[in-house]
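Colleague: I am new to this structure, and I would like to understand what stands behind the words used for it. Could you take me through them?

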Amino acid sequence: MATTRRQFISRSGRLGLLLGLGGLPILSACGSDETSAADLEPIADGLEPEAGPLRLFNYADYVNPDVVAKFEEMYGVTVEITTFDVDSEAITKLANGSVEVDVHHSAAPNSLDRLIAGGILQPLNPSYLPNRANLLASYDDPWYDPGSIYTVPYTVFSSGIGYRADRIDPAVVAEKGWDILWDPTYKGATSILDDYREGIAMALLRAGVTDVNTSDEALIKQAGDDLLELVDLMNIKVNIEGYKDIPEGITDLAHTWSGDVITGAYSYLPEGTDPSVIGWWYPADNVGVVNNDCMAVTANAANPVLAHLYINFLLDSAIAEENFTWNGYLPPIQGLDADYLIAAEYVPENLASAVLTDDVISKGLRFEPLELETDQLWEQTWSTFTAG
Amino acid sequence: MSVGGYRPGRRLGPLMVITWLYVLWSLLPVLIAVRISFNSGKSRSSFQSTSMRWYWEDPASVWRDQALQTALSNTLKLAVLTMVLAVPIGVAMAIGLQRWRGRASRAANNLMLLPLVTPEIVIGVALFLVFTQIYSSIPRGFTTQLLGHVTFTLSYVVVIVRGRLLSIGGQFEEAARDLGATRMQALRLVLLPQLGPAIFASFMVVFATSVDDFVISSFLSTGASSETVPIKIYASARAAATPAVNAVATVMLVVTLAIVAVGGLAIWAYRRNQGATLGSAAAATGIGG
Amino acid sequence: MAIPGTLWLVALFVIPAYAILAVAFGDIDPILRTTAPAWSPLAWSGSTMVDTLGRVFGGDLGKVFVRTGLYAAAALAGCCLIGYPVAYFTARRAGRSRGLVLGLLVLPFWISYLMRMLAWVNLLQPDGYVNAILSALHLGARDHNWLDGDWPTVVIGLIYGYVPFFILPLYAALERLDERLIEASRDLGASSFSTFLRVTLPLSVPGLMAASVIVLLPMCGDYYTNTYLTGGSPRTEMVGNQIEFFLRGSSQPQSGASLVIILMAFLLVAMGYYLVVIARTQREGRS
């Protein structure tokens, strides 16, 4: 491909910027395809799907294998899933080309700006995605991807407190809210999410700060100190295992995701235990963290058409429902509301509030990208907390 | 204390008790992990009832999930090839370092020890950087994982073999040379047989380290085609894991046992054939007693 | 004969180790925030290293280093207490059952370390077997929570995980002990105990040292044993956890690489001691 003048300017400009900062730019040094966001065009309409295999990049156990098997059967291809553990690891691996995949299955909205600016995602061609019509209206034009050029939402979830309703009175949890995580009555049986954004945001919310993207050093430091207090006061555990630790009775109180209490009630209760033992609390004024994962096609996808077809497949109402029954994470698809899901016996009645309503979604606080220095401060604060 | 009693015997001494208690202790969790693989539920800790669900019924089971099978074969291939490369290079290096004198030897000796003081995650990150930026012509994935595993197991072999070399001392080999054996003969007929247990220990440690490693493998993995069982286990321990990972670990255990049993039989048969030859060679060089 | 191994290590260890320096003193990509190593020392910036040193010496990370060292030392002591008798028995007393014992010793190797640790989590749960056995023996409370972020659980987990790596090299060294020296000592009238103390133990020092080095140093970089066994309690956080946090995708990989360099500096001191002992043994062996 001949280098256009525009490409040349943008390329040399960026190289100069990077070199000026002192290091060898890892992206430019090793990326064989010197793409930047401006160069990328969506694929043409009406192309035949490739032969595969379609390569997905996702968290482990985050998509129903039955759903994947159906897609394989429908298009006569095989699907391979490459896994990552945390979002930042996914960015690193995509950025330096150490994984080669077609679909980024679960990108976090707060890192999309980096993936897009880094030329890692390609714009979608809506003609392959008719099932987008099934999405909730609130995701037509999301804040993180204006015009839905690059992404389609996969799941939506909120961060609250999962607890053992047979051991802790729901009225007490409702009354205390986030403060209950600082109540030594539950010492040794409490956990918070192992995620620096989630953990610090929770401490901010408890202190009455609703700016969960704050760059105010004093607020961040206070949140860090509050978290540190948990170490001795509560003998706090920091993990993302609430989905099984609550049903199994190891943890009584867990700062966790709405999807995890649903999957916990659905799949991890010991035989014969009633799902009503699991409770869910979310701020009564619906001012809490709401997040979602996004599907996107990578810029260097070898199977871009198949990738589009896969994304469209997951937006099919019946398929989205089947996927939900396996992982407990709500797809933002019309019709999958609490009434429907309870009637279908996917969600126990006592966890109705773990199914996000329009009001929860619209009032939800979102994790936005942080400026580099702020991000580093958040990370340092978290590192100080986990050091005990 | 019975430590000084010097006849091997069947007497039930404290040492024997400690050893068997240890064996029990070390095997118990393995048995638990195997039992969980037969759980009919999705939980890895609360056992519901016995079933083969995670072996072949469930879509996520070992039999039906292609990815688990790929991981299994990758893990075993990696471990075997790592042994084949790391043990000979390491044994040669141990013998070489033992004889090689001077400043260069000291430098090589210190260099050999460095990977031991380096946490796996560091080797993982460092190798990842050089494979993406310097040795970028090496195909990433399985090949780089193999190179990584050999690098970080090599020093184990050297340390184990040197421990043995130091306690053997040079006198047997010197005796053999004095009696007219060539350097190679002395090495092959005298030294290597005496290194047997250390070489055996090296094979085991290298195999185990390779099978256990997930840090280096995951840094150097390029996707589904180069994932290993530990990567699968680690990933699923963070997410909603099923007993399918226990099932794949169990299959790995059984396959390994089968390979070891076959290998053990082969060595046993070889020893029976070679016993006479080795014995006479040793007698001929005067070190039989 | 040492040439191939040395070349291998230069290409795949020395050069990568330099890459760690280049990361620690380098920069990050301004868009993706991934590492941008500074390959030329002229471009190095030491500010992250200075900050990190500040956090380690007198700052919030000091206790993580101390904790890591104590855990590793305690676990090493445990490895010696359990591993030495087992290796000694296997090497010198097992007689005809040696093959069987050896086989059983290496068996746990063949199921993944992570899998064994997960199994321990099951055993140690409040309603797990450990409590059931302890209460049956009237040794402990029925509902003691072993996974509650206490250090003994982590140390026991480390011992469990690493002791097989300790036993095998020790076995290899002990198996070679010169039986005649031990017999001579006894013939000269020494008691079993003093023979062990004055002859057997000194003879096994090189093997013990090798085995110790093999387990001690990786333990210092471990980050999954404690995470699994305490559900991620900050009270048992080790250096490896911090390194993992910063290197696995934070926006400051330089901090992680700096921690690596500091940790390695500590470990090199331990290593230096091993080298001195080996050199002394070698001198004695030659004279």
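Modeller: Let us begin with a strand pairing: strand 4 (residues 121-122) of chain A and strand 10 of chain A pair in the antiparallel sense over 2 bridges. This is a predicted model, in which local features need pLDDT of at least 70 and side-chain atom pairs count only at pLDDT 80 or more, whereas totals for chains, interfaces and linings use all residues. Residues are numbered from 1 along each chain as its sequence is written, and chains are lettered from A and ligands numbered from 1 in the order in which they are written.

Colleague: Why is it said that strand 4 of chain A and strand 10 of chain A pair?

Modeller: Two strands pair if DSSP finds at least two bridges between them, and these strands have 2 bridges, so they meet the definition. The strands themselves are DSSP runs (E, at least two residues), as helices are (H or I, at least four), both numbered from the N terminus. In strand 10 of chain A, Thr298(A) is the bridge partner of Leu121(A).

Colleague: Which other strands are joined to strand 10 of chain A by bridges, and in what sense do they run?

Modeller: Strand 3 (residues 103-107) of chain A is joined to strand 10 by 3 bridges and runs antiparallel to it, with Ala107(A) opposite Cys294(A). Strand 5 of chain A is also antiparallel to strand 10, with 7 bridges between them, and here Val156(A) stands opposite Asn292(A).

Colleague: How do you know where the domains of chain A lie, and what do they share?

Modeller: The bounds come from an automatic or database domain assignment, which gives domain 1 (36-156 + 291-357) and domain 2 (157-290 + 364-386) of chain A. Their centres, taken over C-alpha atoms, are separated by 26 Å. The contact takes 18 residues from domain 1 and 23 residues from domain 2, where contact asks that the C-beta atoms of two residues, placed from the backbone, lie within 7 Å.

Colleague: Why are helix 1 of chain B and helix 5 of chain C called roughly perpendicular?

Modeller: Angles of 65 to 115 degrees count as roughly perpendicular, while those under 35 are roughly parallel, those over 145 roughly antiparallel and the rest oblique. The axes of helix 1 (residues 14-36) of chain B and helix 5 (residues 113-124) of chain C cross at roughly 90 degrees and come within 8 Å, and therefore the two helices are roughly perpendicular to each other. Such axes are lines fitted to C-alpha atoms, for helices over the stretch in contact, with angles running from 0 to 180 degrees between N-to-C directions.

Colleague: Which residues meet there, and of what class are they?

Modeller: Among them are Leu28(B) and Ile32(B) in helix 1 of chain B, and Trp120(C) and Leu123(C) in helix 5 of chain C. By class, this contact has 10 nonpolar, 1 polar and 1 charged residues, where Ala, Val, Leu, Ile, Met, Phe, Trp, Tyr, Cys and Pro count as nonpolar, Asp, Glu, Lys and Arg as charged, and the others, Gly among them, as polar.

Colleague: How many residues of chain C are in contact with chain B as a whole?

Modeller: In chain C, 88 residues are in contact with 83 residues of chain B.
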